[in-house]
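Here are a few friendly notes to read alongside the model.

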Amino acid sequence: MNNDYNINKSIQIITQYMAENLIRTKGCTENQAIQFLITTHTYQLLRNKKTKLYAESPEYVMDMLKDEISQNWESWYKI
């Protein structure tokens, strides 16, 4: 398998993890979770292959999203 396939698969897995977490914790639908995710800075960073955020664990990226939602930008400066 080529590297782009592996990167895209990792992005897909992390995105699915975040959506499922939002559905479970916020009580939203899958469509609502995806619509919300695609508007976040975290998702944009995940999609930007230059950041290599796809190489982090789904839990790590979810923590970034939680910090973004709560506007805890201090943790982002440490990245």
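**Notes on the model**

1. Let's start with charge. The protein carries 9 positive and 9 negative side chains, and the centres of these two sets are 4 Å apart. Please keep in mind that you are looking at a predicted model.

2. Now for overall size. The C-alpha trace spans about 35 × 30 × 20 Å along its principal axes. A compact globule of 79 residues would have a radius of gyration near 12 Å, and because the protein has 12 Å, the two agree.

3. Look inside next. The largest nonpolar core contains 16 residues, and Met18, Leu22, Leu37, Leu46 and Leu65 have the most contacts within it. Helices H1 (3-26), H2 (30-37) and H4 (58-69) are the elements that each give two or more residues to this core. H1 provides the largest share, with 6 residues. In soluble globular proteins, nonpolar side chains tend to be buried together.

4. Which residues does Leu65 touch, leaving aside its neighbours within four places in sequence? Its contacts are Met18, Leu22, Phe36, Leu37, Thr40 and Thr42. Across the protein, 56% of the contacts with a separation of 6 or more are between residues 24 or more positions apart.

5. Finally, consider the surface. Of the 79 residues, 32% are buried. The protein exposes about 5,500 Å², with carbon and sulfur atoms supplying 49% of that area.

Definitions and conventions: Residues are numbered from 1 along each chain as its sequence is written. This is a predicted model: local features need pLDDT of at least 70, side-chain atom pairs count only at pLDDT 80 or more; totals for chains, interfaces and linings use all residues. Side-chain values use heavy atoms; hydrogens and water are left out. A nonpolar core is a set of buried Ala, Val, Leu, Ile, Met, Phe, Trp, Tyr and Cys residues joined through side-chain atoms within 4.5 Å. Buried means under 20% relative accessible area, exposed over 50%, partly exposed in between (1.4 Å probe, protein chains only). Helices (H or I, at least four residues) and strands (E, at least two) are DSSP runs, numbered from the N terminus. Contact means heavy atoms within 4.5 Å. The radius of gyration is taken over C-alpha atoms; the globule rule is 2.2 Å times the number of residues to the power 0.38. Accessible areas come from the Shrake-Rupley method with a 1.4 Å probe; for residues, only the protein chains shown count as cover. Lys and Arg count as positive and Asp and Glu as negative; His and the chain ends are not counted. The place of a charge is taken as NZ of Lys, CZ of Arg, CG of Asp or CD of Glu.
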